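Reader: I've got the sequence and the model open side by side. Can you walk me through it?

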Amino acid sequence: MQRIDTAVTHGIWDGQLPVRISIDPTDAKTLASGAILHSHYTFMHRCSYLPLVTESVREVFVKSGVAFTGHDADIWYEYRGVPLKWHYPIGLLHDLLTSQYRGSSPLPWHIIIHFTNFPTDKLIRINAANIIDTPHDSFMSMIKEADYIRNGSIKKLMSLSKQDQTNLWQGLSSHDYDKFWNVNARLVTNDNTIPKYIPLRVYLLDQPVIQEPVAPVDDNLDCEYTLRDILGRMLPEIFPPSLDAPTTEGADNTRKSDASEAVAILHGIVIPIETPILWLSQNCSYPDNFLHIVICR
Amino acid sequence: MRGLHSRSILTSKRDTPTRLTTLDRFGCVRSPSASIVFTMSDNPTSPISSPPTPRTANPAAKVVVRFRATGNAPILKQNFYKITASQKFQTVMNFLRKELNYKAQDPLFLYVNSAFAPAPDEIVGNLYKCFGTEGNLIINYSTTAAWG
């Protein structure tokens, strides 16, 4: 029987990121000429999405003198020149874009808010008619994709009641752990059957996302794969696959020092590389049911 | 119309998958025209015994996309196309719009395997590796939200 470790899932759910938000200097000049604009400091839930915080952030800037009368769908964010994908969880955006710090980046995370010039070539446009519809649809599509990866169909998700499906998004957007996890536990434990594959994406800065079928156990169901096994297969040049057990202490030390060059970050934490991938998937997936793992070299 | 497509990164797929026969060391199949089509085994192999993924992807690597109309969506004259594996799903969306002569504001919904709508920035090669069937990536399209 697979059980959720609620100490872990609560910890991940409550994980927050201190963020400093400054207005883009060009926007400040055109929208708030004369006003002195300070940065806005706030906490964001790592598992949440930027469109879910935009309304409250916009209010702060408008109150401080930004003459913004447009739609929230026009607002976007940037970190060091990189527009932030609103359909990625906030924690993933931070871990990926600060991956050169190997999990100990300077905080608060300093990002820039833009009120104009939405970069349609780099970010998906949000439907202005309903600012929450687009993120909701995108989130549910990820949950469906995850279910398909685990089971080869989305029957498990579609067998949930309409209310249960609604509770996933409502639980996430209102930060209601019980509402979300009462439904999500059935998905991530796959009703106590071993999933065919694990919903997982691997990210390296400035490289295409890696996603491929990852089985959690070997064909005979007698060996659980670890994160090392998976990364060793996907990125053999970064994570040399484990060879036979080393026979001398010296050989062991050598391998440890090689492995220490690259680390896998999830929820801002360096994940022990021998963690079984199935346990990781059930307990440490983002709310969209994917493990979004950032590799820091 | 064909002339337009020959300039796009999508090329008309004239060979049927059964004619693409030569296996290379990555488990890819070489077509007579030397473009490459990923193949997915019917019997999934374990991650450890699988051949290594070609990380230094051949820029010519292609995926066969098979379009299927759903509901009252217009059908295409030809429904097999080859697309470069490193392209984003947005390219597939743009191509289908152009092929159907749909404007940006016309509603069009794309799904993989009648199951989910990939994000525009997902990579076609990744979708093929995870969701491809019988040598194709099956894309269902509809003018109304069908599985959303």
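Reader: What area is buried between chain B and chain A?

Author: This is a predicted model, where local features need pLDDT of at least 70, side-chain atom pairs count only at pLDDT 80 or more, and totals for chains, interfaces and linings use all residues. Residues are numbered from 1 along each chain as its sequence is written, chains are lettered from A and ligands numbered from 1 in the order written, and side-chain values use heavy atoms, leaving out hydrogens and water. Buried area is the accessible area (1.4 Å probe) that two parts lose on being put together, summed over both. Carbon and sulfur atoms give 56% of it here, and the total is about 2,200 Å².

Reader: Which residue of chain A forms a salt bridge with Asp121(B)?

Author: A salt bridge here is a side-chain nitrogen of Lys or Arg within 4 Å of a carboxyl oxygen of Asp or Glu. The rule finds 3 of them across the interface of chain B and chain A. For Asp121(B), the closest N and O atoms are 2.7 Å apart, and the partner is Lys85(A).

Reader: Which residue in S9(A) is the bridge partner of Val263(A)?

Author: S7 (residues 263-266) and S9 (residues 291-296) of chain A pair in the antiparallel sense over 3 bridges. In S9(A), the partner of Val263(A) is Cys296(A).

Terms used
Pairing = 2+ DSSP bridges. Helix = DSSP H or I, 4+ residues; strand = E, 2+ residues; numbered from the N terminus.
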